[in-house]
Structures are given as C-alpha cells and as structure tokens.
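Me: I have a model open and would like to learn how to read its features. Can we go through them in turn?

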Amino acid sequence: QLSAAIASAEEEGRSKKEALEVVGKNEKELTSKLSLLETGLTKKLETRQLLQSKLDSSVREEGRLRSLFESNRIKLSEDTEKKKAVDENMTLEKDNEGLANDKKKLLVTVAALEADLQVKRSHLVGMDSEVAMEMEVTRKKYEESAAELELVEER
C-alpha cells in the first residue's frame, strides 16, 4: 500500500509538475503577449502623439491660410475697385477724345460757315452798292421825269 501511495503521490507530483510547467508556459506566453501589447500600446500612443502634433500643425496652418485668404480677398476687392476706377477713367478719356474730335469737326464746320457767310456778306455789299447806284439812277430819272412833267404841265 505504501508503494501504491508513493506511486500515486509520484503520479500526482508528476501531474502537478506538468500542470505547473503548463502554468509556467502559459505565464511566459501571457508575459510575452503582455509585452507585445505594451509595445503595441506604446507605439499607438506615439502614433497618437504624432498625429495630434500633425493635427495641431494643420490647425495652425489652416489659421494661417484663412488669414492669408482673407487678406487676399481684401486685396482683390481693393484691386477690383481700382480696376473699376481705371476702366471708368478710360471710358471718360475715350468720351473726351470723342468730344474733342466732335469739337474739331464743329470748329471746321463753323469756320466753313463763317467763310461762306463772309462770301455772302461781300456779295450783299456788292448788291447794296448796285442797288444804291440803281436807286441813284432811278432818282435822277424821277427828278428828270418830274421836271419834264412840270414843263409839260406849264405849257
């Protein structure tokens, strides 16, 4: 019986030893897994920090770009107003050129009309002297006729 108890105890010892080896092996596996998980978690934390840093940098860049965009929008608005004023000035200059050309044409027309008027006035002056001469001739004839009429009436 003692040998059976020893054999049973030895068997139980071997069984416990094997169970202890399995537990040790499982512990090593779990320790290894835990180590891998810790390493993975550390890498993920580092990646998160890197991504957070990139996000912060992107947010700062977005703010800078928004500021730049706003200043460019203001400058564009100012440049648009300036262009509008320049276009208006160009239109006014073209209108002024057109008016100057019209004025030149009118001055040429006025000069031609004045020249024509001068010619007509000189013709009129000539006609006036002809009419005056004819009136003088007619007056003389009238006086002669009146004198003859008096002579005829006296006789």
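Reply: We can start with the salt bridge, which here means a side-chain nitrogen of Lys or Arg within 4 Å of a carboxyl oxygen of Asp or Glu. Keep in mind that this is a predicted model. One case is Arg14 with Glu11, where the closest N and O atoms are 3.6 Å apart.

Me: Where do Arg14 and Glu11 sit relative to each other in the helix?

Reply: Both belong to helix α1, which covers residues 2-154. Because Arg14 and Glu11 are 3 residues apart in that helix, about one helical turn separates them.

Me: How many salt bridges does the structure hold?

Reply: There are 11 salt bridges. Another of them joins Asp116 to Lys120, with 3.5 Å between the closest N and O atoms. Asp116 and Lys120 are 4 residues apart in helix α1, about one turn of the helix.

Me: What are the accessibility classes of Asp116 and Lys120?

Reply: Asp116 has 36% relative accessibility, so it is partly exposed. Lys120 reaches 52% and therefore counts as exposed.

Me: Which residues are linked in a network of salt bridges?

Reply: Glu136, Arg139 and Glu143 form such a network. Within it, the side chains of Arg139 and Glu136 meet at 2.2 Å, N to O. Arg139 and Glu136 lie 3 residues apart in helix α1, again about one turn. Arg139 is partly exposed at 36% relative accessible area, and Glu136 is partly exposed at 32%.

Me: What does the secondary structure of the whole protein come to?

Reply: The count is 1 helix and 0 strands.

Me: Is Leu30 buried or exposed?

Reply: Leu30 lies in helix α1. Its relative accessible area is 57%, which is over the 50% cut-off, so Leu30 counts as exposed.

Me: What share of the protein counts as buried?

Reply: Of the 155 residues, 0% count as buried. The accessible surface comes to about 14500 Å², and 60% of that surface belongs to carbon and sulfur atoms.

Me: How many charges does the protein carry, and how far apart are their mean positions?

Reply: The protein has 28 positive and 34 negative charges. The mean position of the positive charges and that of the negative charges are 14 Å apart.

Definitions and conventions. Residues numbered from 1 in each chain as written. Predicted model: local features only at pLDDT ≥ 70, side-chain atom pairs only at ≥ 80, totals over all residues. Heavy atoms only, no water. Helix = DSSP H or I, 4+ residues; strand = E, 2+ residues; numbered from the N terminus. Buried < 20%, exposed > 50% of the residue type's maximum accessible area, 1.4 Å probe, protein only. Areas by Shrake-Rupley, 256 points an atom, 1.4 Å probe, with all protein chains shown as cover. Lys, Arg positive; Asp, Glu negative; His and termini not counted. Charge placed at Lys NZ, Arg CZ, Asp CG, Glu CD.
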